[in-house]
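My notes follow the charged pairs, and then a few local features.

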Amino acid sequence: MMASSVANRLLLLLAAAVALTTPPVSAWRRPVRVTVYVQEYLGNGPETTEKLLVRGSGPANPSLWPPNNLFGDTLVMDDLVTESPDNTSTPVGRVYGTYMVSSMRRPVQVVSFTLLLTTGRYNGSTIVMGGIDDSSAVLEHAVIGGTGAFRGAQGHVVGKVVKVYSPTHVVMELDVYASVPVPWTQAKQAPASPLIIDH
């Protein structure tokens, strides 16, 4: 009984030591903030960048606009990304992804999309995002990964319509709040637990 009590105390002391010596998350991750503007061209015109890929089997979802959206409808997107809401501003990338009508009655679409940046310090890097779109004025999606400068990204993205040029051309602002792992050479300079030995 006494040996068990001593072992429990030692485990508690060890846990306390780890808790006190483990560096905060910010010592191992670096914050990233990106704001871009997505030029969405809807409808069936020559400029359309979002097209119906798969016609769902239904039933029709009565809460989505435009009418006649069927349960399972899947759209694919290839939208221009610019540095400001102005559609003539400098292109900085593309958004590629899909929307799927995922509710029979509610205005819900499941989205999966990747932001590819094509200029500046993040040229060639991607941020992968996903979640649901509903009728909210402000949408929030999870940042679930990335490549290049955003490898290992975690966080969230806030999206909202900031400009309406026409019923078939709207501009969505994407605010990305994420963090990425600090490179190991920099992380080694952070305070480390004495229980971890670097080789």
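Predicted model: local features only at pLDDT ≥ 70, side-chain atom pairs only at ≥ 80, totals over all residues.

Residues are numbered from 1 along each chain as its sequence is written, and side-chain values use heavy atoms, with hydrogens and water left out.

**Salt bridges.** I searched the whole structure for salt bridges (a side-chain nitrogen of Lys or Arg within 4 Å of a carboxyl oxygen of Asp or Glu), and the search gave four. One of them joins the side chains of Arg55 and Asp73 at 2.7 Å, N to O. Both residues sit in the loop between E2 and E3, 18 residues apart; strands (E, at least two residues) are DSSP runs, numbered from the N terminus. Is Asp73 buried or exposed? Asp73 is buried because its relative accessible area is 2%, whereas Arg55, at 46%, counts as partly exposed.

I then looked up Asp78 and Arg94, whose side chains meet in a salt bridge of 3.0 Å, N to O. Asp78 belongs to strand E3 and Arg94 to strand E4, so this pair ties together parts that are 16 residues apart in sequence. Asp78 is partly exposed at 33% relative accessibility, and Arg94 is partly exposed at 25%.

For Lys160 and Glu173 I noted a salt bridge in which the closest N and O atoms are 3.9 Å apart. Lys160 lies in strand E8 (residues 154-166) and Glu173 in strand E9 (residues 169-181), so the pair ties together parts that are 13 residues apart in sequence. Glu173 counts as buried at 12% relative accessibility, while Lys160 counts as partly exposed at 33%.

**Loops.** Where is Thr88 placed? I found Thr88 in the loop between strand E3 (74-82) and strand E4 (91-101), and at 66% relative accessibility Thr88 counts as exposed.

I also checked Pro59, which lies in the loop between strand E2 (50-54) and E3. The peptide bond joining Gly58 and Pro59 is cis, with omega about 10 degrees. For context I wrote down that most peptide bonds are trans.

Key. Helix = DSSP H or I, 4+ residues; strand = E, 2+ residues; numbered from the N terminus. Buried < 20%, exposed > 50% of the residue type's maximum accessible area, 1.4 Å probe, protein only.
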